[in-house]
Amino acid sequence: MRKEYVEYMKDLPINIYLASIDQYPLHWQDAIEVIFVLEGSVRIGIESETYVLDKRELEIINPNEVYRMEGIGDNLVLILQIDPVFFEKYYEDARDTFYYTNSSDDNAQEEQEYYQLRTFISVLVYEAVSKLDDYEDQIEDNLLSLMYHLLNNFHYLFYDEESLKEDEIQLERYHRIMKYLSNNYMDKVSLQDIAKKEFLSSQYLSYKIKEVFGHGFNEYLNQIRVEESTKLLIDTDKSISEISEEVGFSHTRYYNKHFKIHYKCTPIQYRKKNKVSEKQLEQMRKIDYLSLKEALPYLEGYLTDYERFNFDNRIFKLDVDLKKDSIEEVLKPVVIDLGDISLLLEEENRKVLREIQGEIGFKYCLVNNLFSDNMDIYRGKNRKFINWTRVENILEFLEDLRFFPIISTKNVEGYIVENFKKTFSHIYDNLDKWLDMNQEDLEPVFPLEEINHNHDTLFMAPYILYSYTSDNRRMVFQMMDEITKDTVLDNETFFGGSGIFTANYLNKPSFYAYKFLSLLGEEVLDKGDGYLICRSEEGYQILLYNPPKVSQEDIYSHSLPTKLKEKKISINLYNMDEDFQITKYDLNRSHGSVYDKWIFLGRPGRLTAEQWTLLDNYVHPNVSFYYGKKAMVFNILATVKPNGCILYTLNYGQKQ
């Protein structure tokens, strides 16, 4: 018997196996089958078509499709069998939906949707092999995601008519027609009856069916009939005339004609070639089944972003003596670029700077365009009368925030600078230093490129932390992104500006990285790849970040690590002589990355008031706290997400 009945994993709607295939004769099963070639090549015949699948290529076999496989030399093939009943619980038309891959065009399977499909398959294999806690739930969750991925990217109607992806009404119409034909092909089916049901003219529907299905109505219907007839030819002893009638042909002559069109032979020839006894069938089936574990080395490249991958593998261990001598001082952020200083004439921008200074506390600020037209200092016919009202307002504001301003006088006329000194030197004792001190006079600082799309992302957080804690590089960010007439925009929130706030006043991950640095004590007790242990008068601080190194070249050459996995770190604290109040700040894609949340909202070009409020109120690091009792060895177990950062502050608590 050619129909195979799939034995699924216990209590799960899936079966997965790894095989080396020499020959797998014609058969079919009531399951969705996904074939993924890991090594070598195989030739697959599906109904009347034949394809060669090479390494990394995929094919989808729909329920009850007749197909065969033949190995081309040595090969390794991963096969997933999915119970269609599983998806029917979530999508009622699951049994009547078919999926196609492009197995013909060169490089067609290099597209993102194929990479994602390989990733889903890899996750399912990993969970099936590793059997971690709750692996059954993980398999079902990921299988559901895979099925929706197939529905949204590999729907059979998208194969010949990609535009249907964007036209839900037409998609549903032609799915109804296909479903009707698949379920009623054996009956007398007419184009006129279907057109009437769809309230369309027969002529228009005929044209659209050929456009969508790639075949005319009668041609498509007869193809379904002859494909269904192959099962009866090789799995029953019915006569050709009986089969012809059973699949809906009015005369055997028509059946023979259309069968020959599709299979290049007559039904009798097809039966003679393919109908064999059960014993012969078993002898023809030449497959070596291998341990599913052997597939994992081929799949690791698709698993590096999966949080549970290597879950039980390496745990990084740190032993920290809280009483040891410090090894160096912490490099703290000291300077921020305020951008066009006229922005601080607006209260909303002052509010941002107050937050920055309250949370981080920069010492220096770069002041640009203090003597520009926007500051309204010029008066009179010859611009000789000078009005310092706005400048004074700005200077008073910066003094209130305890900034040391570094004021640029580049391209400013000498008489303006002299008048400025004369007006304000008796008010500000350090005025000459404000004017004479250049950025180069500070300890080494490194300005950013003006526009770079990585500036908006979570990547900036480990980059900043690595720069300060391991590379001794002070980065100079702007207060907030500035949109000019030359800025190229495709949305109003993210365009790669070098601010730690967006132009519409949302905190970027870089803001929180600076906040973490500001919370560190002055003394470094220990440091290494991706971690820093500090001490202050209030207690201790533990800073963790992943990846442990992100260089300036990585950021600006766009060679950032994209295949990271989470990092588990076990920290043993020794010589703990008091209780601690422990606060944990966890910055990751789900908590603190406004860019990732914006993507989650669908990348809106303009934020509504509600979306802005959601992002402003709820996008911040996840903060938790607990009490740490004095112990001989106090352990902290942390999981640092990809591109994430964690800061623990251990402040001396009240003894009980």
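Student: In which loop is Asp11 found?
Tutor: This is a predicted model. Within it, Asp11 belongs to a negative surface patch together with Asp133, Asp134, Glu136, Asp137 and Asp141. As for its place in the chain, Asp11 lies in the loop between strand S1 (3-4) and strand S2 (14-29).

Student: Does Asp11 count as buried or exposed?
Tutor: Exposed means over 50% relative accessible area. Asp11 has 66% relative accessibility, and therefore counts as exposed.

Student: Which residue forms a salt bridge with Arg285?
Tutor: The closest N and O atoms of this pair are 3.2 Å apart, and the partner of Arg285 is Glu4. The pair links distant parts of the chain, 281 residues apart: Arg285 is in the loop between helix H12 (278-284) and strand S7 (286-290), and its partner in strand S1 is Glu4.

Student: Why does Glu4 count as buried?
Tutor: Buried means under 20% relative accessible area. Glu4 counts as buried because its relative accessibility is 18%.

Student: Which strands hold Glu523 and Arg535?
Tutor: The side chains of Glu523 and Arg535 meet in a salt bridge, at 3.1 Å from N to O. The two residues are twelve residues apart and link distant parts of the chain; Glu523 is in strand S17 (residues 523-528), and Arg535 is in strand S18 (residues 531-535).

Student: How many salt bridges does a search of the whole structure find?
Tutor: One of the pairs is Arg473 with Asp471, whose closest N and O atoms are 3.8 Å apart. For the whole structure, the number of salt bridges found is 22.

Note on methods
Residues numbered from 1 in each chain as written. Predicted model: local features only at pLDDT ≥ 70, side-chain atom pairs only at ≥ 80, totals over all residues. Heavy atoms only, no water. Patch = residues over 30% accessible without salt bridge, like charges linked within 9 Å, V, L, I, M, F, W, Y side chains within 5 Å. Areas by Shrake-Rupley, 256 points an atom, 1.4 Å probe, with all protein chains shown as cover. Salt bridge = Lys/Arg side-chain N within 4 Å of Asp/Glu carboxyl O. Lys, Arg positive; Asp, Glu negative; His and termini not counted. Charge placed at Lys NZ, Arg CZ, Asp CG, Glu CD. Helix = DSSP H or I, 4+ residues; strand = E, 2+ residues; numbered from the N terminus. Buried < 20%, exposed > 50% of the residue type's maximum accessible area, 1.4 Å probe, protein only.
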